[in-house]
Amino acid sequence: MSLYLISEELEFEVYLSDGVLHFINQYRQKYGTLIPESCGIIIGEIRSKSLRVLNISPPAIDDIRTRYTFLRKPGMHQRYLNNWHTKSNGILRYIGEWHTHPEPYPRPSSSDFQGWSELMNNHDFNAYPKLLWIASNSSYINDWFSLVVNKKYYSLNVIGEVSP
């Protein structure tokens, strides 16, 4: 099953592939477990009024991860992106960031906003819309999604599931 999100304010859609949804489920900090926060980059296609999320990088061995915090180190994630960018003849690109929270209805922490603010200071980050995704400890229905355009956050709402 795939998922469609929409920013009504921007009339912009985001498509999450079935494979990406299954992958995220492996890293959810489910209730009663001590799984640390996980993080990575989002890889996909950029279209005129949509993003297609087709892959995400797994947590890297050098990422710093605890139950309530993470620090994504760039090296392995960049190599992962470069590999997919090459395999796709330049179609697949970096389109955002993902991480988990150990709660049923995640909201960005001050650390999350600080990290994203640092990314937004990079001119290349602001060249096109980016997806920010915080995975809950339960289901994508409860996940937090936002689109960043020109350093401004726009909410994304789940509009439907699509069976393959």
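**Reading the features**

A: We may begin at the end of a helix: α2 is followed by asparagine 89, whose phi is positive, near 55°. Helices (H or I, at least four residues) and strands (E, at least two) are DSSP runs, numbered from the N terminus. This is a predicted model, in which local features need pLDDT of at least 70 and side-chain atom pairs count only at pLDDT 80 or more, while totals for chains, interfaces and linings use all residues. Residues are numbered from 1 along each chain as its sequence is written, and side-chain values use heavy atoms, with hydrogens and water left out.

Q: Where is asparagine 89 placed, and is asparagine 89 buried or exposed?

A: Asparagine 89 sits in the loop between α2 and β7. Buried means under 20% relative accessible area, exposed over 50%, and partly exposed in between (1.4 Å probe, protein chains only). With a relative accessible area of 72%, asparagine 89 is exposed. Lysine 151 also is not a glycine, yet has a positive phi of about 65°; the loop between β9 and β10 (152-155) holds lysine 151, which is partly exposed at 49%.

Q: Which residues have the most contacts inside the largest nonpolar core?

A: A nonpolar core is a set of buried Ala, Val, Leu, Ile, Met, Phe, Trp, Tyr and Cys residues joined through side-chain atoms within 4.5 Å. The largest has 26 residues, and Val14, Leu16, Val53, Leu131 and Trp133 have the most contacts inside it. At least two core residues come from each of β1 (2-7), β2 (12-16), α1 (18-27), β4 (50-56), β7 (93-100), β8 (130-135) and β9 (144-149). Helix α1 gives the most, with five residues. Apart from this core lies another, of twelve residues, among them Trp116, Phe125, Ile134 and Val148.

Q: What does leucine 5 touch?

A: Contact means heavy atoms within 4.5 Å. Leucine 5 lies in strand β1 and is buried, at 0% relative accessibility. Leaving aside residues up to four places away in sequence, leucine 5 touches residues including Phe12, Val14, Leu16, Phe145 and Ile159.

Q: Which polar contact does the side chain of threonine 100 make with another side chain?

A: A polar contact is a pair of N or O atoms within 3.5 Å; within protein, one must be able to donate a hydrogen and the other to accept it, and residues adjacent in sequence count only if both atoms are side-chain atoms. Threonine 100, in strand β7, is buried at 0% relative accessible area. Its side chain makes a polar contact with the side chain of glutamine 29 (3.0 Å), and reaches the backbone nitrogen of serine 38 at 2.9 Å.

Q: Which residues lie nearest the centre of the largest pocket?

A: Rolling a probe the size of a water molecule over the atoms shows where empty space is left. On a 1 Å grid over the protein atoms alone, a pocket is an open set of points where a 1.4 Å probe fits, with protein on both sides within 12 Å along at least five of seven lines; lining residues have an atom within 4 Å of a point. The largest pocket is lined by 18 residues, with Phe70, Leu71, Arg72, Ser111 and Gly115 nearest its centre. Helix α3 supplies the largest share of this lining, seven residues.
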